[in-house]
Structures are given as structure tokens and as C-alpha cells.
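Biologist: I am new to this structure. Please show me the model, then take my questions one by one.

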Amino acid sequence: MSVAAYSDIAKKPNDLLTRDFFHLSPASLDVKTKADNGVTFTARGKSSPKDGSISGALEAKYSDKSGIALTQSWSTSNAIDTKFELPPLIPNLTSNVATNFIPSSGSTNAKLSLTYKQPLFQSNAVVDLLKGPTFTTNFSFGKAGVIAGGEVSYDVPGGRVTNYAAGLGYGAGNFAVALTAVNKLSIISAAYYTQATPVVEVGAKATLDTKSTSQVNVELGAKYTIDATTSAKVKISNTGLVSLGYLQTIHPGVKLGLGAAVDTQRLAEPAHKLGFSFSFEA
């Protein structure tokens with residue numbers, strides 16, 4: 001088993017504070033089915049909170065036993081995405097090529113991604129083949145629950161570093177903490193997570209953008225697992241925004257999510273949000 005990726009250094013608190021809150025879209029639908037020949041089809045749709053317009057995408061994925069996988073999707077914005085995953089070129093090294101094509105404008109993009117994993121080390125590199133090209137690489141290494149990592153973006157034609165970030169975390173059993181600094185180390189976040197009881201999870205995150213403000217933004221969240229099929233979440237921020245989420249598996253493969261966000265600073269104004277999500281997999 002490899003050490004966690006750099007992007008997952010703060011995964012537990014981030015998941016608690018961001019996932020399964022359904023108010024960001026008034027309605028969303030996700031349907032996933034698998035054909036007899038192994039092709040997986042996924043249809044996604046959601047409504048815009050601004051004007052109620054519907055956006056969506058249809059995706060098909062095929063993979064074989066050798067490790068080759070092809071994924072293609074076509075969205076309502078007329079963007080065609082293709083991802084080709086290759087089997088390991090050498091032990092512990094995986095790769096994929098992802099392209100994006102917009103027929104209406106002729107815009108094309110292609111990225112090559114390489115990931116290398118070892119028990120104590122993991123690294124990922126992404127090369128934007130058509131823009132720049134630009135090169136982004138991240139790495140992480142860890143032992144005994146401690147994980148550290150960083151990320152660097154490099155503009156090849158310009159010969160300059162365009163962005164960099166770093167992170168440090170520690171996890172043991174039902175407890176995890178993380179400190180990250182992104183956007184050239186200008187946005188600093190400290191996050192905390194714990195499984196307080198078998199059915200209650202608690203987490204918090206404090207973020208400071210050193211370039212734009214001296215105020216620290218704080219979020220506090222909790223999840224309560226009602227039973228094996230049902231959970232509820234709540235999140236409160238220092239700006240007075242209270243977010244609620246409810247997720248229930250109403251049948252194997254069928255999930256219903258309900259969400260709400262209440263701006264306690266503007267109770268008399270139409271600043272509150274409601275949303276629901278329906279997910280089906282067969």
C-alpha cells in the first residue's frame with residue numbers, strides 16, 4: 001500500500017466539510033449503468049442556482065483486464081472529453097492521456113499524467129502538451145502516520161515557476177490534522193478531524209489568505225451516522241452561513257440527498273439555498 005497522494009494530505013477534514021452538502025445546485029441527477037459487455041454509462045445533470053438552466057454530460061467508460069481504459073464524455077456545453085489510461089509501463093508507474101475538444105470554437109487541450117507509487121513515496125506529474133507546455137508535479141512521502149508533500153508548476157517556454165504549494169499532515173486511527181499552504185504559500189489552512197464516537201465525526205478548518213485579508217475564515221462541521229443507510233451533516237462558518245446535508249440510501253444503488261444553506265446574517269433576505277440530489281447505480 002502506498003502513502004497517500006499530496007492532494008489527500010487533508011482528505012478527512014476536507015471530505016467532512018465539503019462532501020454531501022447538496023445546496024449548491026437546486027437539483028442534480030446522477031445515473032450510472034453497466035452493460036453486459038463491460039461498458040459503463042453515466043449520465044449527469046444539474047440545474048443552475050442562478051437561472052435554473054440545466055447542464056449535464058453523458059459519459060461512457062470501457063476497460064479490459066490488461067489495465068487499458070477509455071473514457072469519453074460529451075457535455076451540454078458541447079465539450080468532448082477523452083481519457084485513455086494505460087497499464088503500468090514499469091512496476092508502480094501508471095499513466096493516462098486526457099484531451100478536451102470544443103467543436104464550436106476549435107479549442108483543443110491535451111494533458112499527459114504519470115503517477116509513481118511506493119510504500120513510503122508517491123509522485124504525480126502532469127504535462128499540458130498544447131498550452132505552454134506547462135509542467136506540474138507533486139510528491140508526498142510519509143511514515144508512522146506523518147505525511148509531507150509539495151507541488152510545483154513550471155512554465156517551460158517562459159523558464160519560470162508559476163506556482164508552488166506545500167502540506168504536512170498526521171493521522172492515527174480516528175484522528176487527523178493537516179497544515180497546507182497553496183497559491184505560492186499565500187493561502188494557509190489548518191484542518192482537524194476526529195471520529196468522536198462510532199456515529200459522530202467532527203472537523204474544523206481555519207484558512208487565512210495573506211494577500212487579501214487579515215481575517216481568518218473558520219468552518220466547523222459534524223456528521224451523524226443515523227444508521228447503516230442514513231447520515232446527516234451540519235457545517236457552520238464564521239460568516240454566519242449554516243449548511244445542512246441529509247443522505248439516505250433508499251434502495252441498494254439508489255441514494256437521495258437533501259441540502260440547505262441558511263445565511264444567519266441575512267435572515268429576512270432571499271439569500272438562502274435549497275437543493276436535492278438523486279443518484280442511481282445499477
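Modeller: Helices (H or I, at least four residues) and strands (E, at least two) are DSSP runs, numbered from the N terminus. This is a predicted model, where local features need pLDDT of at least 70, side-chain atom pairs count only at pLDDT 80 or more, and totals for chains, interfaces and linings use all residues. Residues are numbered from 1 along each chain as its sequence is written, and side-chain values use heavy atoms, with hydrogens and water left out.

Biologist: Does S123 count as buried or exposed?

Modeller: Buried means under 20% relative accessible area, exposed over 50%, partly exposed in between (1.4 Å probe, protein chains only). S123 has 18% relative accessibility, so S123 counts as buried.

Biologist: How many Å separate the backbone oxygen of N138 from a polar atom of the S123 side chain?

Modeller: A polar contact is a pair of N or O atoms within 3.5 Å; within protein, one must be able to donate a hydrogen and the other to accept it, and residues adjacent in sequence count only if both atoms are side-chain atoms. For the S123 side chain and the N138 backbone oxygen, the distance is 3.1 Å.

Biologist: Where is Y164 found, and what does Y164 count as at 35% relative accessibility?

Modeller: Y164 is found in strand β11. Because its relative accessibility is 35%, Y164 counts as partly exposed.

Biologist: What pLDDT does the chain average?

Modeller: pLDDT is the predictor's confidence in each residue, from 0 to 100. Here 100% of the residues score at least 70. The chain average is 93.
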